[in-house]
Amino acid sequence: MNRTQFILLSALLAASVTGACTAAAQDSFYPRLRANNASMSDVQPTWMGPLIQSDGRLGQAVRFSVSNSNFSGTRTLNYGNGHGISMIVDRRFQIDLDPPSYFRNHSSTHADGFGNAGTQIKYRIASGNAAHGNYAISAVLYHAFGPRVEQNLMLSSFYCPSIAAGKSFGRFAVLENIGGLLPTDKISQQGRAIEWNSTVQMHVTKYAWMDVENNAVFFHAGPLDGKTQNMMTPAAFYMIRRAEWKPEHASVIFAGGMQIATSGYHDFNHNLITEMRFVF
């Protein structure tokens, strides 16, 4: 699937949702749509999805994210941050559509431009709610499309297959995600990598969560062959929802965190991430 197909697929999805809402305003389309998240409460835990890694649960939300990082002394703003819309399409499947992020580079040598558009599919292998083990494990496949003018991320399309898992212990949760970064071309210029993300999370109050996420990248081939980059990301989340909230009701989540380099090699540092999620 190329970027044109991605845009057409996104437009078709948006048109379908809009058309269905219009045609069935008097019916139960929206309640059925938001019941997708509610149905998951019977089969999976209720921890907060981390800022960076994909966790083992299925979810349905729109994410608006911006990051502000320091690349070799140059400040770069990333509008989108690789996130978009996530939809539960089956009791075991979630599909994400992520429009290309826009990079604002405060640099005279590095032009502003867009990153890679992407799509992701997640398959829930096994899970249980608080009464049945409080765990989740899923297989995830992310695909990003090839670059266009003023590319600001990868030089080719790429795949990221991974396994995401987690276990909750009362107010605490431990989440793991391990996978690969596999470009489809120009390997000598950008190499490949193994990514390993770990998160420890605490549900602090009824509406607030805090976690620390560790993001490790092990580079293979290409100019960074043999190098390792490690980031620690403390983050906080706050949920706003109605007083008589139920799992089928919408909510808004505000989140923020900062990636801090802890390895000798790192191509960026002090990456401030702010995000708003509309969970429906």
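In the predicted model, a salt bridge links the side chains of Arg104 and Asp112, with a nitrogen-to-oxygen distance of 3.5 Å.

The C-alpha atoms of Thr76 and Asp112 are separated by 9.2 Å, while the two residues stand 36 residues apart along the chain. Thr76 itself belongs to strand S2, which covers residues 74-79. With a relative accessibility of 6%, Thr76 falls under the 20% limit and therefore counts as buried.

The salt bridges of the model number 4 in total. One of them, besides the pair already described, is formed by Asp55 and Arg57, whose closest N and O atoms are 3.1 Å apart. Asp55 is buried, at 7% relative accessibility, and Arg57 is buried as well, with a relative accessible area of 15%. A further salt bridge joins the side chains of Glu275 and Arg277, at 2.4 Å from N to O. Glu275 and Arg277 are both buried. Through salt bridges with shared partners, Arg63, Glu275 and Arg277 are joined into one network.

Strand S15, which spans residues 269-279, contains His270. The phi angle of His270 is near 50 degrees, which is a positive value in a residue other than glycine. At 44% relative accessibility, His270 is partly exposed. A positive phi is also found at Lys186, which is not a glycine and has a value of about 55 degrees. Most residues other than glycine have a negative phi. Lys186 is located in the loop that runs between strand S10 (172-183) and helix H3 (187-190). Its relative accessibility of 36% places Lys186 in the partly exposed class.

For Ser156, the backbone oxygen is that of Asp185, reached by the serine side chain at 3.3 Å. The side chain of Ser156 is also in polar contact with the side chain of Gln190, at 2.8 Å. Ser156 sits in the loop between strand S8 (135-144) and strand S9 (158-169). The residue is buried, its relative accessible area being 6%.

Ser127, by contrast in location, is part of strand S7, which consists of residues 118-128. A polar atom of the Ser127 side chain lies 2.4 Å from the backbone oxygen of Val43. The side chains of Ser127 and Arg124 are joined by a polar contact of 3.0 Å. When neighbours within four places in sequence are left aside, the contacts of Ser127 are Val43, Gln44, Tyr135 and Ala136. Ser127 counts as buried because its relative accessibility, 16%, is under 20%.

Strand S11 (residues 192-203) and strand S12 (residues 208-220) run antiparallel and are joined by 12 bridges. The two strands form a hairpin, with 4 residues between S11 and S12. Within this pairing, Asn197 has Asn215 of S12 as its bridge partner. S12 also pairs with strand S13 (residues 228-240), again in the antiparallel sense, over 11 bridges. In that pairing, the bridge partner of Ala216 is Asn230 in S13.

Notes
Residues are numbered from 1 along each chain as its sequence is written. This is a predicted model: local features need pLDDT of at least 70, side-chain atom pairs count only at pLDDT 80 or more; totals for chains, interfaces and linings use all residues. Side-chain values use heavy atoms; hydrogens and water are left out. Buried means under 20% relative accessible area, exposed over 50%, partly exposed in between (1.4 Å probe, protein chains only). A polar contact is a pair of N or O atoms within 3.5 Å; within protein, one must be able to donate a hydrogen and the other to accept it, and residues adjacent in sequence count only if both atoms are side-chain atoms. Contact means heavy atoms within 4.5 Å. Two strands pair if DSSP finds at least two bridges between them.
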